[in-house]
Amino acid sequence: MSRHYSRADNLIHQFDTVLRTLLPHAARASRPSPATPDVHDDDMSAEERRHAAGLMRVNHTGEVCAQALYQGQGFTAKLPEVRTQMEHSAQEEIDHLAWCDDRLHELDSHTSVLNPLFYAASFGLGAVAGAIGDRISLGFVAATEEQVGRHLDEHMVKLPAGDHRSRAVLRQMAIDEAHHAQLALEAGGARFPAPVKFGMSLMSRVMTKSVYHL
Ligand SMILES: [Fe+2]
Ligand SMILES: [Fe+2]
């Protein structure tokens, strides 16, 4: 049985997702965190915990951006299959969001105060990509996921040696992101040219530098 959703229903749903993304501890994961109770950290100094929190805050904001990107695309994407696929991937990003949030909490730290800003910017980019067309939209997902994957690999190296719980989370995220990128390309996503990718990595550098501290 299919239900017809009115424009008002959709707006309420969108608003609900915005709140779930931006309010601390509001995201509910559908899979348990890979940082299971039997994964223990080695002793870490206060400085190491602060560093781990900075990195996990960046990863959390990355997931906020992913949510906003998928939301923006879902708002304007033309093909229903693309919409469905975006919603499915966005669902998996909610797990990542919740896992990073939990880990920040364990490290006695907080999510970034800049998240609403990055949410708005990413929603706008996603909506523009979705409006241009599905090939571009899916290509944007693939390029973003590949970039996030590179970040995650870097962070797994940069984390303090004793931080096994953060590393467990990032390892599973990297697997999921690679899958998202592959799905987007298989669904017909365009391969982006190097200058576009360069622009994207500049933007992500701005995000990384600011969110690590804030
Ligand atoms: Fe993710
Ligand atoms: Fe992803």
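Visitor: Why is α1 called hardly covered?

Guide: The count of buried residues among the 16 residues of α1 is one, where a residue is called buried if 20 or more other C-beta atoms lie within 10 Å of its own, exposed if 12 or fewer do, and partly exposed in between, with C-beta atoms placed from the backbone. Please keep in mind that this is a predicted model, in which local features need pLDDT of at least 70 and side-chain atom pairs count only at pLDDT 80 or more, while totals for chains, interfaces and linings use all residues. Residues are numbered from 1 along each chain as its sequence is written, and chains are lettered from A and ligands numbered from 1 in the order in which they are written.

Visitor: How do you know that the length of helix α1 agrees with its number of residues?

Guide: Helices are DSSP runs of H or I with at least four residues, as strands are runs of E with at least two, and they are numbered from the N terminus. The expected span of a helix is 1.5 Å times one less than its number of residues, so the 16 residues of α1 (residues 7–22) should span 22 Å, and the 23 Å between its end C-alpha atoms agrees with that.

Visitor: What makes Asp 43 exposed?

Guide: Asp 43, which is found in the loop between α1 and α2 (46–76), has 7 other C-beta atoms within 10 Å, and therefore counts as exposed. Its C-alpha atom is separated by 9.6 Å from that of Ala 161, although the two are 118 residues apart along the chain.

Visitor: Why is α4 called oblique to α5?

Guide: The axes of helix α4 (residues 115–132) and helix α5 (residues 134–158) come within 5 Å and cross at roughly 140 degrees, where axes are lines fitted to C-alpha atoms, for helices over the stretch in contact, and angles run from 0 to 180 degrees between N-to-C directions. Angles under 35 degrees count as roughly parallel, over 145 as roughly antiparallel, 65 to 115 as roughly perpendicular and the rest as oblique, which makes α4 oblique to α5. The contact is made by Ala 129, Gly 130 and Ile 132 of α4 with Ile 136, Ser 137 and Phe 140 of α5, two residues being in contact if their C-beta atoms, placed from the backbone, lie within 7 Å.

Visitor: How do you know that the binding-site residues Glu 93, Glu 145, Glu 177 and His 180 belong together?

Guide: UniProt, in an unreviewed entry, places the feature "binding site" at these four residues. They span 88 residues in sequence, yet no two of their C-alpha atoms are more than 11.0 Å apart, so they gather at one spot. UniProt positions are given in the numbering used here, feature names are shortened, and annotations may be inferred rather than shown by experiment.

Visitor: What makes Glu 177 and His 180 buried?

Guide: Glu 177 is found in helix α6 (residues 164–186) and has 25 other C-beta atoms within 10 Å, so it is buried. Leaving aside neighbours within four places in sequence, Glu 177 is in contact with Glu 145, Val 148, Gly 149 and Leu 152, while the contacts of His 180 are Ser 89, Val 141 and Glu 145.

Visitor: What makes His 96 a buried residue?

Guide: His 96, placed in helix α3 (residues 80–106), has 27 other C-beta atoms within 10 Å, and is therefore buried. Beyond its neighbours within four places in sequence, His 96 is in contact with Glu 63, Met 173 and Asp 176.
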